[in-house]
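Hi everyone, thanks for coming.

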Amino acid sequence: MSGWKAPVALVGARWALNKYRDRKRRPTPAERALDLAAWAGAGALLGVGASMVAENRRSERLNGRVAVVTGGTRGLGLQLAREFGAGGASVVVCGRSRDNLDQAVADLTGRGIDAHGVVCDVTDREQVRALIGETVERFGRLDIVVNNAGVMRVGPAEAMQDAHFTEAMDIMYRGPFNVAREALPHLRTTEGSLVNITSVGAYLTVPHLLPYSVAKHAWACLSEGLAAETGGTGVRVTTVVPGLMRTGSHRGVVFIGEPEREYAWFALLAGMPLLSTNADRAARRIATASARGQGFLVINPTTRIGMALHGLAPGTSQQLMRLTGRLLPSTPEHVSERTGNESGDSTMGRLAESVAALNERAVDRLNQDTRDRR
Ligand SMILES: NC(=O)c1ccc[n+]([C@@H]2O[C@H](COP(=O)([O-])OP(=O)(O)OC[C@H]3O[C@@H](n4cnc5c(N)ncnc54)[C@H](OP(=O)(O)O)[C@@H]3O)[C@@H](O)[C@H]2O)c1
(Lines give C-alpha, C1' and ligand atoms only; values in the text may rest on other atoms or scores of the structure.)
Protein backbone atom coordinates (compact mmCIF):
# COMPACT_ATOMS: atom_id res chain seq x y z
CA MET A 1 0.00 0.00 0.00
CA SER A 2 1.45 3.34 -0.92
CA GLY A 3 0.77 7.08 -1.35
CA TRP A 4 -2.63 8.21 -0.11
CA LYS A 5 -3.97 4.66 0.43
CA ALA A 6 -2.16 3.92 3.72
CA PRO A 7 -3.38 7.03 5.67
CA VAL A 8 -6.94 6.51 4.32
CA ALA A 9 -6.86 2.85 5.41
CA LEU A 10 -5.58 3.86 8.87
CA VAL A 11 -8.31 6.50 9.30
CA GLY A 12 -10.93 3.95 8.14
CA ALA A 13 -9.68 1.30 10.56
CA ARG A 14 -9.69 3.85 13.40
CA TRP A 15 -13.28 4.86 12.58
CA ALA A 16 -14.42 1.20 12.52
CA LEU A 17 -12.71 0.54 15.86
CA ASN A 18 -14.35 3.59 17.48
CA LYS A 19 -17.75 2.52 16.15
CA TYR A 20 -17.23 -0.90 17.64
CA ARG A 21 -16.22 0.53 21.04
CA ASP A 22 -19.19 3.00 21.04
CA ARG A 23 -21.74 0.21 20.92
CA LYS A 24 -24.11 0.91 23.87
CA ARG A 25 -25.19 -2.63 24.71
CA ARG A 26 -23.77 -6.09 24.33
CA PRO A 27 -25.23 -7.87 21.28
CA THR A 28 -27.47 -10.89 21.88
CA PRO A 29 -26.13 -14.32 20.80
CA ALA A 30 -28.50 -14.22 17.79
CA GLU A 31 -27.12 -10.80 16.73
CA ARG A 32 -23.57 -12.12 17.17
CA ALA A 33 -24.34 -15.17 15.04
CA LEU A 34 -25.88 -12.88 12.39
CA ASP A 35 -22.77 -10.65 12.47
CA LEU A 36 -20.53 -13.65 12.11
CA ALA A 37 -22.57 -15.02 9.20
CA ALA A 38 -22.50 -11.61 7.49
CA TRP A 39 -18.71 -11.39 7.86
CA ALA A 40 -18.23 -14.99 6.69
CA GLY A 41 -20.48 -14.30 3.68
CA ALA A 42 -18.57 -11.11 2.84
CA GLY A 43 -15.27 -12.98 3.21
CA ALA A 44 -16.43 -15.81 0.97
CA LEU A 45 -17.71 -13.33 -1.65
CA LEU A 46 -14.42 -11.46 -1.54
CA GLY A 47 -12.51 -14.74 -1.89
CA VAL A 48 -14.62 -15.92 -4.83
CA GLY A 49 -14.32 -12.48 -6.45
CA ALA A 50 -10.55 -12.40 -6.00
CA SER A 51 -10.16 -15.88 -7.42
CA MET A 52 -12.40 -14.98 -10.42
CA VAL A 53 -10.29 -11.90 -11.09
CA ALA A 54 -7.08 -13.97 -10.78
CA GLU A 55 -8.54 -16.63 -13.10
CA ASN A 56 -9.53 -13.99 -15.69
CA ARG A 57 -6.11 -12.36 -15.49
CA ARG A 58 -4.44 -15.73 -15.95
CA SER A 59 -6.59 -16.57 -18.96
CA GLU A 60 -5.83 -13.15 -20.46
CA ARG A 61 -2.14 -13.88 -20.09
CA LEU A 62 -2.37 -17.44 -21.48
CA ASN A 63 -4.85 -16.96 -24.30
CA GLY A 64 -3.13 -17.23 -27.69
CA ARG A 65 0.23 -18.09 -26.11
CA VAL A 66 2.35 -21.11 -27.02
CA ALA A 67 3.73 -23.36 -24.27
CA VAL A 68 6.20 -26.26 -24.35
CA VAL A 69 6.15 -28.73 -21.46
CA THR A 70 9.00 -31.24 -21.31
CA GLY A 71 7.88 -34.51 -19.74
CA GLY A 72 4.31 -33.43 -20.49
CA THR A 73 3.22 -36.96 -21.33
CA ARG A 74 2.22 -37.95 -17.81
CA GLY A 75 2.20 -36.87 -14.17
CA LEU A 76 2.60 -33.20 -13.32
CA GLY A 77 3.69 -32.30 -16.86
CA LEU A 78 0.44 -33.60 -18.36
CA GLN A 79 -1.62 -31.73 -15.77
CA LEU A 80 0.39 -28.56 -16.52
CA ALA A 81 -0.33 -28.96 -20.23
CA ARG A 82 -4.05 -29.27 -19.39
CA GLU A 83 -3.84 -26.09 -17.29
CA PHE A 84 -2.10 -24.05 -20.00
CA GLY A 85 -4.52 -25.42 -22.59
CA ALA A 86 -7.56 -24.61 -20.43
CA GLY A 87 -6.28 -21.03 -20.26
CA GLY A 88 -6.32 -20.84 -24.08
CA ALA A 89 -2.66 -21.60 -24.85
CA SER A 90 -1.50 -23.98 -27.58
CA VAL A 91 0.62 -26.72 -26.02
CA VAL A 92 3.53 -28.86 -27.18
CA VAL A 93 4.40 -31.83 -24.96
CA CYS A 94 7.43 -34.07 -25.20
CA GLY A 95 8.75 -37.31 -23.70
CA ARG A 96 10.77 -40.32 -24.81
CA SER A 97 7.96 -42.88 -25.06
CA ARG A 98 5.87 -42.61 -28.24
CA ASP A 99 2.94 -44.51 -26.65
CA ASN A 100 2.70 -42.16 -23.69
CA LEU A 101 3.06 -39.17 -25.99
CA ASP A 102 0.19 -40.31 -28.23
CA GLN A 103 -2.03 -40.94 -25.22
CA ALA A 104 -1.21 -37.50 -23.78
CA VAL A 105 -1.93 -35.70 -27.07
CA ALA A 106 -5.22 -37.61 -27.42
CA ASP A 107 -6.14 -36.59 -23.85
CA LEU A 108 -5.35 -32.92 -24.54
CA THR A 109 -7.07 -32.69 -27.92
CA GLY A 110 -10.06 -34.53 -26.40
CA ARG A 111 -10.35 -31.58 -24.01
CA GLY A 112 -10.45 -29.16 -26.94
CA ILE A 113 -6.82 -28.09 -26.49
CA ASP A 114 -4.65 -27.20 -29.50
CA ALA A 115 -1.92 -29.74 -28.69
CA HIS A 116 1.03 -31.26 -30.47
CA GLY A 117 3.49 -33.97 -29.36
CA VAL A 118 7.17 -34.41 -30.17
CA VAL A 119 9.29 -37.39 -29.16
CA CYS A 120 12.33 -35.81 -27.56
CA ASP A 121 14.98 -36.86 -25.08
CA VAL A 122 16.06 -33.67 -23.32
CA THR A 123 19.57 -35.00 -22.77
CA ASP A 124 20.16 -34.73 -26.54
CA ARG A 125 20.77 -31.13 -27.64
CA GLU A 126 19.90 -31.89 -31.28
CA GLN A 127 16.52 -33.36 -30.29
CA VAL A 128 15.85 -30.34 -28.09
CA ARG A 129 16.74 -28.00 -30.97
CA ALA A 130 14.29 -29.93 -33.17
CA LEU A 131 11.58 -29.71 -30.47
CA ILE A 132 11.87 -25.93 -30.14
CA GLY A 133 12.27 -25.48 -33.92
CA GLU A 134 9.16 -27.57 -34.67
CA THR A 135 7.16 -25.61 -32.10
CA VAL A 136 8.07 -22.22 -33.54
CA GLU A 137 7.56 -23.42 -37.11
CA ARG A 138 4.13 -24.85 -36.32
CA PHE A 139 2.76 -22.15 -34.02
CA GLY A 140 4.82 -19.12 -35.04
CA ARG A 141 5.96 -18.16 -31.56
CA LEU A 142 7.11 -19.44 -28.16
CA ASP A 143 5.95 -17.87 -24.89
CA ILE A 144 6.27 -20.42 -22.10
CA VAL A 145 8.72 -23.26 -21.64
CA VAL A 146 8.43 -25.60 -18.68
CA ASN A 147 11.47 -27.70 -17.82
CA ASN A 148 9.57 -30.49 -16.09
CA ALA A 149 11.07 -33.81 -17.31
CA GLY A 150 12.70 -35.75 -14.49
CA VAL A 151 13.46 -39.24 -13.18
CA MET A 152 13.79 -40.69 -9.72
CA ARG A 153 15.78 -43.61 -8.33
CA VAL A 154 15.16 -44.46 -4.67
CA GLY A 155 17.59 -46.43 -2.51
CA PRO A 156 20.73 -46.16 -0.38
CA ALA A 157 23.68 -44.39 -2.07
CA GLU A 158 25.80 -47.47 -1.32
CA ALA A 159 23.56 -49.53 -3.61
CA MET A 160 23.63 -46.98 -6.45
CA GLN A 161 25.99 -47.15 -9.40
CA ASP A 162 27.82 -44.35 -11.20
CA ALA A 163 25.29 -44.72 -14.02
CA HIS A 164 22.46 -43.67 -11.71
CA PHE A 165 24.23 -40.40 -10.89
CA THR A 166 25.19 -39.79 -14.53
CA GLU A 167 21.61 -40.44 -15.68
CA ALA A 168 20.22 -38.04 -13.06
CA MET A 169 22.67 -35.28 -14.02
CA ASP A 170 22.05 -35.84 -17.74
CA ILE A 171 18.27 -35.59 -17.42
CA MET A 172 17.94 -33.05 -14.62
CA TYR A 173 20.88 -30.73 -15.16
CA ARG A 174 22.06 -31.11 -18.78
CA GLY A 175 18.45 -31.52 -20.01
CA PRO A 176 17.05 -28.25 -18.61
CA PHE A 177 20.24 -26.47 -19.67
CA ASN A 178 19.80 -27.74 -23.27
CA VAL A 179 16.18 -26.61 -23.24
CA ALA A 180 17.01 -23.19 -21.77
CA ARG A 181 19.75 -22.52 -24.33
CA GLU A 182 17.53 -23.45 -27.26
CA ALA A 183 14.44 -21.63 -25.95
CA LEU A 184 15.87 -18.38 -24.60
CA PRO A 185 16.45 -16.63 -27.96
CA HIS A 186 12.74 -17.20 -28.80
CA LEU A 187 11.55 -16.23 -25.32
CA ARG A 188 13.45 -12.93 -25.61
CA THR A 189 11.40 -11.96 -28.65
CA THR A 190 8.08 -12.68 -26.89
CA GLU A 191 9.25 -11.58 -23.41
CA GLY A 192 8.21 -15.06 -22.40
CA SER A 193 8.71 -17.25 -19.39
CA LEU A 194 10.96 -20.19 -18.51
CA VAL A 195 9.74 -22.38 -15.65
CA ASN A 196 12.00 -24.86 -13.89
CA ILE A 197 10.41 -27.59 -11.76
CA THR A 198 13.12 -28.32 -9.21
CA SER A 199 12.35 -30.03 -5.88
CA VAL A 200 12.62 -29.74 -2.13
CA GLY A 201 15.48 -32.24 -2.65
CA ALA A 202 17.45 -29.41 -4.27
CA TYR A 203 17.50 -27.47 -1.02
CA LEU A 204 17.27 -30.24 1.58
CA THR A 205 19.13 -33.44 0.74
CA VAL A 206 16.86 -36.36 1.52
CA PRO A 207 18.39 -39.80 2.29
CA HIS A 208 17.91 -42.54 -0.31
CA LEU A 209 17.44 -39.92 -3.05
CA LEU A 210 21.04 -38.89 -3.63
CA PRO A 211 21.35 -38.91 -7.46
CA TYR A 212 18.04 -37.03 -7.60
CA SER A 213 19.03 -34.47 -4.95
CA VAL A 214 22.47 -33.87 -6.47
CA ALA A 215 20.97 -33.24 -9.92
CA LYS A 216 18.09 -31.12 -8.60
CA HIS A 217 20.58 -29.01 -6.65
CA ALA A 218 22.43 -28.29 -9.89
CA TRP A 219 19.13 -27.59 -11.68
CA ALA A 220 17.99 -25.13 -8.97
CA CYS A 221 21.36 -23.40 -9.13
CA LEU A 222 21.03 -23.17 -12.93
CA SER A 223 17.50 -21.80 -12.63
CA GLU A 224 18.39 -19.10 -10.12
CA GLY A 225 21.49 -18.19 -12.15
CA LEU A 226 19.45 -17.87 -15.36
CA ALA A 227 16.90 -15.72 -13.51
CA ALA A 228 19.71 -13.39 -12.49
CA GLU A 229 21.29 -13.27 -15.95
CA THR A 230 18.06 -12.66 -17.87
CA GLY A 231 17.25 -9.55 -15.84
CA GLY A 232 16.51 -6.68 -18.25
CA THR A 233 15.83 -8.97 -21.23
CA GLY A 234 12.06 -9.26 -20.65
CA VAL A 235 12.35 -13.01 -20.02
CA ARG A 236 11.07 -14.22 -16.64
CA VAL A 237 12.50 -17.35 -15.03
CA THR A 238 10.44 -19.12 -12.36
CA THR A 239 12.08 -21.58 -9.98
CA VAL A 240 9.42 -23.96 -8.68
CA VAL A 241 10.18 -25.95 -5.52
CA PRO A 242 7.60 -28.69 -4.98
CA GLY A 243 7.63 -31.06 -2.04
CA LEU A 244 5.96 -34.42 -2.60
CA MET A 245 3.10 -34.28 -5.12
CA ARG A 246 0.43 -36.85 -5.84
CA THR A 247 1.30 -37.38 -9.51
CA GLY A 248 1.15 -41.20 -9.40
CA SER A 249 4.83 -41.27 -10.41
CA HIS A 250 5.72 -43.75 -7.63
CA ARG A 251 4.65 -46.54 -10.00
CA GLY A 252 7.36 -45.65 -12.53
CA VAL A 253 10.16 -44.80 -10.06
CA VAL A 254 12.97 -47.37 -9.91
CA PHE A 255 13.66 -48.73 -6.42
CA ILE A 256 17.14 -50.01 -5.62
CA GLY A 257 18.49 -52.14 -2.75
CA GLU A 258 15.46 -53.83 -1.22
CA PRO A 259 12.82 -52.57 -3.70
CA GLU A 260 9.75 -53.82 -1.79
CA ARG A 261 10.73 -52.04 1.44
CA GLU A 262 11.92 -48.91 -0.38
CA TYR A 263 8.65 -48.79 -2.30
CA ALA A 264 6.57 -49.16 0.87
CA TRP A 265 7.97 -46.07 2.66
CA PHE A 266 8.08 -43.97 -0.49
CA ALA A 267 4.54 -44.81 -1.71
CA LEU A 268 3.20 -44.18 1.78
CA LEU A 269 4.77 -40.71 2.13
CA ALA A 270 4.07 -39.71 -1.48
CA GLY A 271 0.33 -40.20 -0.84
CA MET A 272 0.04 -38.58 2.59
CA PRO A 273 -2.45 -35.67 2.47
CA LEU A 274 -0.52 -33.10 4.56
CA LEU A 275 2.90 -34.08 3.29
CA SER A 276 2.01 -34.27 -0.40
CA THR A 277 0.10 -31.90 -2.68
CA ASN A 278 -2.62 -32.74 -5.17
CA ALA A 279 -1.12 -32.54 -8.69
CA ASP A 280 -4.03 -30.43 -10.04
CA ARG A 281 -3.53 -27.83 -7.34
CA ALA A 282 0.24 -27.79 -7.90
CA ALA A 283 -0.24 -27.36 -11.68
CA ARG A 284 -2.74 -24.52 -11.17
CA ARG A 285 -0.30 -22.67 -8.94
CA ILE A 286 2.59 -23.21 -11.35
CA ALA A 287 0.55 -21.98 -14.34
CA THR A 288 -0.48 -18.88 -12.39
CA ALA A 289 3.11 -18.22 -11.25
CA SER A 290 4.38 -18.52 -14.82
CA ALA A 291 1.63 -16.22 -16.16
CA ARG A 292 2.59 -13.65 -13.53
CA GLY A 293 6.31 -14.10 -14.11
CA GLN A 294 6.83 -14.91 -10.43
CA GLY A 295 10.50 -15.65 -9.66
CA PHE A 296 10.12 -18.33 -6.99
CA LEU A 297 7.31 -20.67 -6.01
CA VAL A 298 7.38 -23.10 -3.10
CA ILE A 299 4.51 -25.53 -3.49
CA ASN A 300 3.58 -26.72 -0.01
CA PRO A 301 3.94 -25.45 3.58
CA THR A 302 5.92 -28.51 4.73
CA THR A 303 8.50 -27.73 2.05
CA ARG A 304 8.68 -24.11 3.16
CA ILE A 305 9.20 -25.20 6.78
CA GLY A 306 11.92 -27.67 5.73
CA MET A 307 13.72 -25.01 3.67
CA ALA A 308 13.45 -22.46 6.48
CA LEU A 309 14.76 -24.92 9.03
CA HIS A 310 17.69 -25.82 6.80
CA GLY A 311 18.48 -22.14 6.19
CA LEU A 312 18.31 -21.19 9.86
CA ALA A 313 19.72 -24.31 11.49
CA PRO A 314 21.53 -26.49 8.93
CA GLY A 315 23.10 -28.61 11.70
CA THR A 316 19.68 -29.47 13.13
CA SER A 317 18.19 -30.33 9.74
CA GLN A 318 21.24 -32.53 9.07
CA GLN A 319 20.62 -34.36 12.37
CA LEU A 320 16.97 -34.89 11.42
CA MET A 321 18.00 -36.30 8.05
CA ARG A 322 20.53 -38.61 9.76
CA LEU A 323 17.71 -39.85 11.98
CA THR A 324 15.47 -40.34 8.94
CA GLY A 325 18.28 -42.22 7.20
CA ARG A 326 18.50 -44.64 10.15
CA LEU A 327 14.81 -45.45 9.82
CA LEU A 328 15.09 -46.34 6.13
CA PRO A 329 16.02 -49.84 4.87
CA SER A 330 19.75 -50.60 4.93
CA THR A 331 21.75 -51.86 1.94
CA PRO A 332 21.12 -55.62 1.52
CA GLU A 333 23.82 -58.10 0.64
CA HIS A 334 22.20 -58.67 -2.76
CA VAL A 335 21.07 -55.42 -4.35
CA SER A 336 18.00 -55.60 -6.61
CA GLU A 337 16.39 -52.99 -8.83
CA ARG A 338 12.69 -52.88 -9.71
CA THR A 339 10.10 -50.31 -10.77
CA GLY A 340 7.31 -49.23 -8.45
CA ASN A 341 4.83 -51.25 -10.47
CA GLU A 342 6.86 -54.41 -9.85
CA SER A 343 8.00 -53.79 -6.28
CA GLY A 344 4.56 -52.61 -5.15
CA ASP A 345 3.07 -55.94 -6.18
CA SER A 346 3.69 -57.32 -2.65
CA THR A 347 1.77 -57.39 0.66
CA MET A 348 3.77 -54.44 1.99
CA GLY A 349 3.34 -52.51 -1.25
CA ARG A 350 -0.40 -53.16 -1.47
CA LEU A 351 -0.78 -52.05 2.15
CA ALA A 352 1.09 -48.78 1.47
CA GLU A 353 -1.05 -48.23 -1.63
CA SER A 354 -4.30 -48.73 0.28
CA VAL A 355 -3.24 -46.22 2.97
CA ALA A 356 -2.03 -43.71 0.37
CA ALA A 357 -5.15 -44.14 -1.81
CA LEU A 358 -5.08 -40.49 -2.98
CA ASN A 359 -1.89 -41.04 -4.96
CA GLU A 360 -3.30 -44.26 -6.43
CA ARG A 361 -6.16 -42.27 -7.96
CA ALA A 362 -3.61 -40.09 -9.75
CA VAL A 363 -2.11 -43.12 -11.54
CA ASP A 364 -4.93 -43.45 -14.09
CA ARG A 365 -5.85 -39.78 -14.19
CA LEU A 366 -2.30 -38.72 -15.08
CA ASN A 367 -1.47 -41.37 -17.66
CA GLN A 368 0.95 -43.33 -15.46
CA ASP A 369 1.85 -46.96 -16.20
CA THR A 370 -0.46 -49.28 -14.28
CA ARG A 371 0.12 -52.93 -13.45
CA ASP A 372 -2.71 -53.85 -15.85
CA ARG A 373 -1.02 -51.97 -18.69
CA ARG A 374 2.34 -53.68 -18.19
N1 LIG B 1 6.07 -36.31 -7.85
C2 LIG B 1 6.68 -35.67 -6.87
O3 LIG B 1 6.43 -35.93 -5.69
C4 LIG B 1 7.68 -34.58 -7.18
C5 LIG B 1 8.19 -33.80 -6.14
C6 LIG B 1 9.10 -32.79 -6.41
C7 LIG B 1 9.48 -32.55 -7.71
N8 LIG B 1 8.99 -33.31 -8.72
C9 LIG B 1 9.43 -33.04 -10.08
O10 LIG B 1 8.33 -32.73 -10.91
C11 LIG B 1 8.59 -33.19 -12.24
C12 LIG B 1 7.44 -34.08 -12.68
O13 LIG B 1 7.32 -35.14 -11.76
P14 LIG B 1 6.26 -36.32 -11.96
O15 LIG B 1 6.04 -36.90 -10.63
O16 LIG B 1 5.13 -35.86 -12.76
O17 LIG B 1 7.16 -37.35 -12.81
P18 LIG B 1 6.71 -38.53 -13.82
O19 LIG B 1 5.30 -38.87 -13.65
O20 LIG B 1 7.74 -39.61 -13.65
O21 LIG B 1 6.89 -37.87 -15.27
C22 LIG B 1 8.15 -37.58 -15.77
C23 LIG B 1 8.00 -37.12 -17.20
O24 LIG B 1 9.32 -36.80 -17.68
C25 LIG B 1 9.53 -37.48 -18.92
N26 LIG B 1 10.97 -37.73 -19.07
C27 LIG B 1 11.81 -38.40 -18.25
N28 LIG B 1 13.05 -38.39 -18.76
C29 LIG B 1 13.01 -37.68 -19.91
C30 LIG B 1 13.97 -37.32 -20.89
N31 LIG B 1 15.24 -37.69 -20.78
N32 LIG B 1 13.58 -36.58 -21.95
C33 LIG B 1 12.27 -36.19 -22.07
N34 LIG B 1 11.31 -36.51 -21.19
C35 LIG B 1 11.68 -37.25 -20.12
C36 LIG B 1 8.69 -38.76 -18.79
O37 LIG B 1 8.37 -39.33 -20.05
P38 LIG B 1 9.27 -40.54 -20.70
O39 LIG B 1 9.67 -41.45 -19.59
O40 LIG B 1 8.40 -41.14 -21.74
O41 LIG B 1 10.47 -39.85 -21.31
C42 LIG B 1 7.45 -38.18 -18.13
O43 LIG B 1 6.63 -37.56 -19.10
C44 LIG B 1 9.93 -33.88 -12.20
O45 LIG B 1 10.97 -33.01 -12.57
C46 LIG B 1 10.08 -34.24 -10.73
O47 LIG B 1 11.41 -34.40 -10.33
C48 LIG B 1 8.10 -34.33 -8.48
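Let's start with M272: at 30% relative accessibility, M272 counts as partly exposed. On the cut-offs here, buried means under 20% relative accessible area, exposed means over 50%, and partly exposed is in between, with a 1.4 Å probe and protein chains only. Before I go on, a word on what you're looking at: this is a predicted model, where local features need pLDDT of at least 70, side-chain atom pairs count only at pLDDT 80 or more, and totals for chains, interfaces and linings use all residues. Residues are numbered from 1 along each chain as its sequence is written, and side-chain values use heavy atoms, with hydrogens and water left out.

Back to M272, which sits in the loop between α8 (259-270) and β10 (276-278). When I say helix or strand, I mean DSSP runs numbered from the N terminus: H or I with at least four residues for helices, E with at least two for strands. Together with L269, L275, L351 and V355, M272 makes a nonpolar surface patch of about 400 Å². Patches take residues with over 30% relative accessible area and no salt bridge, joining like charges within 9 Å and nonpolar side chains (Val, Leu, Ile, Met, Phe, Trp, Tyr) within 5 Å. The areas come from the Shrake-Rupley method with a 1.4 Å probe, and for residues only the protein chains shown count as cover.

Now the sheet. In what order do the strands of the open sheet run? It's β3-β2-β1-β4-β6-β7-β11, seven strands with parallel pairing. Two strands pair if DSSP finds at least two bridges between them. At the edges are β3 (115-119) and β11 (296-298), each pairing on one side only. From one strand to the next, the twist averages 15°.

Helix α7 (residues 210-229) lies across β4 (144-147), β6 (193-197), β7 and β11, at about 150° to β7. Helix α4 (residues 98-110) lies across β2 (90-95) and β3, at about 175° to β3. Those angles run from 0 to 180 degrees between N-to-C directions, with axes fitted as lines to C-alpha atoms, for helices over the stretch in contact. Contact means heavy atoms within 4.5 Å.

T73, in the loop between β1 (66-70) and α3 (75-86), is buried, with a relative accessible area of 6%. Leaving aside neighbours within four places in sequence, T73 is in contact with L78, C94, G95, N100, L101, A104 and N367. I171 belongs to helix α6 (residues 162-190). Is I171 buried or exposed? I171 counts as buried, because its relative accessibility is 9%. Not counting residues up to four places away, I171 touches R96, V122, T123, A149, G150, V151 and P176.

Last topic, salt bridges. Side chains of opposite charge can pair when their charged atoms come close. The rule here is a side-chain nitrogen of Lys or Arg within 4 Å of a carboxyl oxygen of Asp or Glu, and the count comes to 16. One of them joins E182 and R125, at 2.8 Å, N to O. That pair links distant parts of the chain: E182 is in helix α6 and R125 in helix α5 (residues 125-139), 57 residues apart. E182 is buried at 12%, while R125 is partly exposed at 29%. E126 and R129 also meet in a salt bridge, at 3.0 Å; both lie in helix α5, three residues apart, about one turn of the helix.

R153 pairs with E167, their closest N and O atoms being 2.6 Å apart. R153 lies in strand β5 (residues 153-154) and E167 in helix α6, so the pair ties together parts 14 residues apart in sequence. Finally, salt bridges that share partners join R125, E126, R129 and E182 into one network.
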